Amino acid sequence: VIKVLVDKTIKAAKENNVKQIVVAGGVAANKGLRAALTNAVEELPNVILSFPQMKYCTDNAAMIAVAGYFKYLLKAV
């Protein structure tokens, strides 16, 4: 899975002449993905790779569940 994500990201970056790649969300916590993308981006001149700090790499499903919970509480009142 990491190879596919890295390959597609690098291909898209080359095709679109991007200057920065940002990886966010729960997948950004994957240490293997971080290492593989860091190595791959080193071969792209003038491209900046950014990852949030691990404490900000949250699971989107958990956020959606909490939002749903509070929405439920509002309707239950």
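1. Helices here are DSSP runs of H or I with at least four residues, strands are E runs of at least two, and both are numbered from the N terminus.

2. A word on what we're looking at. This is a predicted model, so local features need pLDDT of at least 70 and side-chain atom pairs count only at pLDDT 80 or more, while totals for chains, interfaces and linings use all residues. Residues are numbered from 1 along each chain as its sequence is written, and side-chain values use heavy atoms, with hydrogens and water left out.

3. Helix 1 itself covers residues 2–16, which is 15 residues. From first C-alpha to last, helix 1 reaches 21 Å, close to the 21 Å expected at 1.5 Å a residue; the expected span is 1.5 Å times one less than the number of residues.

4. Which residues of helix 1 are buried? They are Val6, Ile10 and Ala13, where buried means under 20% relative accessible area, exposed means over 50% and partly exposed is in between (1.4 Å probe, protein chains only). These three sit on the same side of helix 1 because they cover an arc of only 60° around the axis, the arc being taken over the directions from the helix axis to the C-beta atoms. The face turned away from that buried side carries exposed Lys8, Lys11, Glu15 and Asn16.

5. What does the buried side pack against? The buried residues of helix 1 pack against strand 1 (20–22) and helix 2 (31–41). For Ile10, leaving aside neighbours within four places in sequence, the contacts are Ala40, Val41 and Leu44 (contact means heavy atoms within 4.5 Å).

6. On to the core. The largest nonpolar core has 13 residues, and Val6, Ile10, Ile21 and Val23 touch the most other members. Helix 1 and helix 2 each supply at least two residues of this core, and the largest share, four residues, comes from helix 2. A core here is a set of buried Ala, Val, Leu, Ile, Met, Phe, Trp, Tyr and Cys residues joined through side-chain atoms within 4.5 Å. In soluble globular proteins, nonpolar side chains tend to be buried together.

7. Salt bridges next: the structure holds two, a salt bridge being a side-chain nitrogen of Lys or Arg within 4 Å of a carboxyl oxygen of Asp or Glu. Lys3 pairs with Asp7, with the closest N and O atoms 2.7 Å apart. Lys3 and Asp7 are separated by about one helical turn because they are four residues apart in helix 1. Lys3 counts as exposed at 60% relative accessibility, whereas Asp7 is partly exposed at 41%.

8. The other pair is Glu15 with Lys11, where the closest N and O atoms are 4.0 Å apart. Glu15 and Lys11 also lie in helix 1, four residues apart, about one turn of the helix. Glu15 is exposed at 57% relative accessibility, and Lys11 is exposed at 52%.

9. The one I'd look at on screen is Arg34, in helix 2. Arg34 is buried yet has no salt bridge, and the nearest side chain of opposite charge, Glu42, is 14 Å away. For charges, Lys and Arg count as positive and Asp and Glu as negative; His and the chain ends are not counted. Leaving aside neighbours within four places in sequence, Arg34 is in contact with Ala28, Ala29, Phe51, Pro52, Gln53, Met54 and Cys57.

10. As for Glu42, its place is in the loop between helix 2 and strand 2 (48–50), and Glu42 counts as exposed at 63% relative accessibility.
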